[in-house]
Amino acid sequence: MAKRTTNRPQKRLTFIDIIKGNFLNRDEIKVHYKFFLLLFVLMMAMIYSNHLVNKKIKIVNALKEETEEYKSRNAYAQSKLIKVKMESELGKEVAVDSLMTLESHPHKLLIKLDSTDAKTK
């Protein structure tokens with residue numbers, strides 16, 4: 001003999017049932033388990049891809065900071081090179097006029113006042 005299916009009325013789905021996970025035992029869910037499994041796999045794939053994107057963003061930001069540092073180093077080196085080049089050009093111009101660069105720096109003269117002169121004023 002074949003079993004007779006009885007149509008019993010389904011209990012209404014409540015928020016507490018969803019939190020406890022009781023909705024997974026319902027007959028409607030059991031019929032469509034493949035669909036829910038597909039949804040679960042898609043959500044996991046989405047979370048994983050978002051995780052990978054966040055990693056790449058961190059790497060890109062670190063590389064941007066590094067390139068900014070290298071750009072500033074390059075600008076500093078270029079300015080020093082320009083100064084050296086200008087000094088060598090200036091040295092050539094001075095040599096044409098038969099002027100020489102100083103071997104020693106000029107001395108600074110300090111003048112001390114006598115204590116007697118300061119009192120009389």
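How much of the chain over residues 31-48 is helix, how much is strand, and how far apart are the end C-alpha atoms?

## The 31-48 stretch

Over residues 31-48, the chain is 94% helix and 0% strand, with 28 Å between the end C-alpha atoms. Helices here are DSSP runs of H or I with at least four residues, strands are runs of E with at least two, and both are numbered from the N terminus.

UniProt, in an unreviewed entry, gives residues 31-48 the feature "transmembrane region". Its positions follow the numbering used here, feature names are shortened, and annotations may be inferred rather than shown by experiment.

## About the model

This is a predicted model, in which local features need pLDDT of at least 70 and side-chain atom pairs count only at pLDDT 80 or more, while totals for chains, interfaces and linings use all residues. Residues are numbered from 1 along each chain as its sequence is written, and side-chain values use heavy atoms, leaving out hydrogens and water.

## One salt bridge

Let's turn to charge pairing. The structure holds one salt bridge (a side-chain nitrogen of Lys or Arg within 4 Å of a carboxyl oxygen of Asp or Glu). Glu69 pairs with Arg73, and their closest N and O atoms are 2.8 Å apart. Because Glu69 and Arg73 lie four residues apart in helix H3 (residues 33-96), about one helical turn separates them.

Glu69 is partly exposed, because its relative accessibility is 40% (buried means under 20% relative accessible area, exposed over 50%, partly exposed in between, with a 1.4 Å probe and protein chains only).

## Around Lys11

Lys11 sits in the segment before helix H1 (15-20) and is exposed, at 60% relative accessible area. Leaving aside residues up to four places away in sequence, Lys11 touches Asp17 and Arg26 (contact means heavy atoms within 4.5 Å). Lys11 and Arg26 are 15 residues apart in sequence, and their C-alpha atoms are 9.4 Å apart in space.
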